[in-house]
Amino acid sequence: SAQEVVYSGPYEPLRGAEMSQAYASVLRISFEVRAGLVMRQIHHWAALLFIAAIVAHLARVFFTGAFRRPRELNWLIGVTMLLLAIFNGFTGYSMPDDLLSGTGLRIAYSIALSVPLIGTWIAFLIFGGEFPAGDVILRMFVAHIYLVPLALFALIAAHLAILWRQKHTDFPGKGRTETNVVGSRFYPTYAIKSIGLFFAVFALLGAMGGLLQINPVWLYGPFDAASVTSPAQPDWFLGWTEGALRLMPPWEIEAFGLLIPNVFFPGVLLPGLTFGLMYLWPWIERRFITHDYREHHLLDRPRDNPARTAIGAAVLTFYAILFLAGSNDVIADMLSVPMGAMTVLFRVLALALPVLVGVFVHR
C-alpha cells in the first residue's frame with residue numbers, strides 16, 4: 001500500500017519519518033521479523049541468479065544451434081520466459097517504495113511516456129495515473145506474486161512437455177546421429193544430479209543471503225518525488241537499458257506532427273529490436289546465413305559455425321559495454337576523470353568494440 005504512515009520501529013535514523021506502508025513493511029521484515037533480513041537477501045540474490053541462469057542457458061542454446069528446426073517453439077518459449085523473469089525482477093525491487101526503486105519507477109514512467117501517440121495512455125494504464133501514482137504498488141504486487149509466476153509455470157510446463165516429446169540434443173560423438181538419442185537415464189541418474197544441484201544452489205544462496213549485503217533499503221530512505229538517489233543503478237539485468245539511456249546523444253525527431261523524444265530510442269526501440277531479433281533468430285539464420293532447412297538433433301560446436309558465433313560474441317560485447325556504461329558516473333569518480341570524457345569513451349567502445357570482437361572471433 002502507498003498509504004502514508006509514520007515509522008516507529010527500531011531503526012533509529014528513520015524513526016518519526018513519513019513513509020508508505022510498503023516501505024514500512026520492508027523495514028519491519030528486515031529488523032523485527034526473526035530471520036526476515038536473511039530471507040529478504042536470499043530472495044534478492046536468488047532473483048539475480050535466476051535470471052543469470054536463464055541468460056546462460058539461452059546463450060548455450062544459441063551458440064550450439066539448439067534452437068534449429070524442430071525446436072523453434074521452445075526457443076520462443078525460452079525468450080518469453082526471459083522477458084517475464086526480467087519484468088518480475090523489476091517489479092520485485094520496485095515494490096519496497098524506497099528512494100532507489102522510486103528513481104527506477106520514474107525512469108520506467110518516462111520510457112512509457114516516450115512512445116509516440118499512445119505513450120500517455122500506456123503510462124496511465126500501467127501506473128494508474130500521473131507519477132507517482134499510488135495504484136502502481138498494488139498492481140506490481142499482483143503481477144509479481146500471481147500473474148507472472150502463473151505465466152512462468154505454464155511456460156515451464158510447456159517447455160518441458162516439448163522437451164519430453166522431442167528429446168534432448170547431443171553433441172556429435174560416437175554412436176550419436178541425427179536420428180537417435182544417447183544420454184543418461186532420467187531416473188536415477190539425471191534426477192539425482194538435479195537434486196544435488198538444487199541443494200548446492202540453495203546452500204550458495206543461503207551463504208550469500210547471510211554474508212553479503214544486498215539492497216539495504218533503509219540506507220536510501222523512503223521515496224520522495226522531489227529527490228533522486230545518486231549514484232543509482234538498477235539490478236544487473238536492466239543495467240544495459242540504463243547504460244543505453246546514458247549513452248544516447250540528445251537527439252529528438254519530429255515527424256508527421258509528432259515529437260519522438262530522446263528516451264524512446266534507448267528505452268523502447270533498442271529493447272524492442274533486441275527481443276524482436278531474438279524471437280526471429282531461428283528464421284533469420286536459416287534464411288540469410290546457413291540456408292539449412294533440415295531437422296537437427298545434433299548440436300553444433302561453436303567453432304563449426306563461425307558466423308553465428310561471431311555475431312553472438314559481438315552482441316554480448318555490445319550489451320556488456322552498455323551494462324558498464326550504466327555505471328559511468330561511478331567509474332568516472334573512481335578513476336578521477338571527467339564524466340563527459342567517460343561517456344564519449346563508452347560511445348566509441350559501443351560502436352567499435354563489438355565489430356572488432358566479431359571479426360576476431362570469426363577468424
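## Nonpolar cores

A nonpolar core is a set of buried Ala, Val, Leu, Ile, Met, Phe, Trp, Tyr and Cys residues joined through side-chain atoms within 4.5 Å. The structure described here is a predicted model. Its largest nonpolar core has 52 residues, and the members that touch the most others are W75, L82, I86, L105, F127, F237 and F275. Helix α2 gives the most to this core, with nine residues.

F127 is one of those members. Leaving aside residues up to four places away in sequence, F127 touches L105, A108, Y109, A133, D135, V136 and R139. Another core, of 10 residues, lies apart from the largest one, and Y11, L27, V217 and W218 are among its members. In soluble globular proteins, nonpolar side chains tend to be buried together.

## Helix α2 and its partners

Helix α1 covers residues 21-31 and helix α2 covers residues 36-64. Their axes come within 5 Å and cross at roughly 110 degrees. Angles of 65 to 115 degrees count as roughly perpendicular, and α1 and α2 are therefore roughly perpendicular to each other. On the α1 side the contact involves V26, I29 and S30, which meet G36, L37 and R40 in α2. Sorted by class, the contact of α1 with α2 has three nonpolar, two polar and one charged residues.

Helix α2 also meets helix α11, which spans residues 306-325. The axes of α2 and α11 come within 9 Å and cross at roughly 150 degrees. Angles over 145 degrees count as roughly antiparallel, so α2 is roughly antiparallel to α11. Here F62, F63 and T64 of α2 meet R308, T309, G312, A313 and L316 of α11. By class, the contact of α2 with α11 has four nonpolar, three polar and one charged residues.

## Helix α11 and its surroundings

Helix α11 has 20 residues. From its first C-alpha to its last it reaches 28 Å, close to the 28 Å expected at 1.5 Å a residue. The buried residues of α11 are R308, T309, A310, G312, A313, A314, T317, I321, L322 and A325. What covers them includes α2, α9 (239-247), α10 (264-290), α12 (328-335) and α13 (339-362).

The axes of α10 and α11 come within 12 Å and cross at roughly 170 degrees. The two helices are therefore roughly antiparallel to each other. From α10, the contact is made by L270, T274, W281, E285 and I289; from α11, by A307, R308, I311, F318, Y319 and L322. By class, the contact of α10 with α11 has eight nonpolar, one polar and two charged residues.

T274 is found in helix α10. At 12% relative accessibility, T274 counts as buried, because the cut-off for buried is under 20%. Not counting residues up to four places away in sequence, T274 touches W240 and Y319.

## Helix α9

Of the nine residues of α9, seven are buried, so this helix is largely enclosed by the rest of the structure. The buried residues in α9 are G239, W240, T241, E242, G243, A244 and L247. They pack against α4, α10, α11 and α13. W240 is also one of the residues that T274 touches.

E242 lies in helix α9. Its relative accessibility is 12%, and E242 therefore counts as buried. Apart from residues up to four places away in sequence, E242 touches I107, A232, P234 and G326.

## A112 in helix α4

A112 has its place in helix α4, which runs over residues 99-113. With a relative accessibility of 10%, A112 counts as buried. Not counting residues up to four places away in sequence, A112 touches G119, I122 and A123. A112 and A161 are 49 residues apart along the chain, and their C-alpha atoms are separated by 36 Å.

Methods
Residues are numbered from 1 along each chain as its sequence is written. This is a predicted model: local features need pLDDT of at least 70, side-chain atom pairs count only at pLDDT 80 or more; totals for chains, interfaces and linings use all residues. Side-chain values use heavy atoms; hydrogens and water are left out. Axes are lines fitted to C-alpha atoms, for helices over the stretch in contact, and angles run from 0 to 180 degrees between N-to-C directions. Helices (H or I, at least four residues) and strands (E, at least two) are DSSP runs, numbered from the N terminus. Angles under 35 degrees count as roughly parallel, over 145 as roughly antiparallel, 65 to 115 as roughly perpendicular and the rest as oblique. Contact means heavy atoms within 4.5 Å. Ala, Val, Leu, Ile, Met, Phe, Trp, Tyr, Cys and Pro count as nonpolar, Asp, Glu, Lys and Arg as charged, and the others, Gly among them, as polar. Buried means under 20% relative accessible area, exposed over 50%, partly exposed in between (1.4 Å probe, protein chains only). The expected span of a helix is 1.5 Å times one less than its number of residues.
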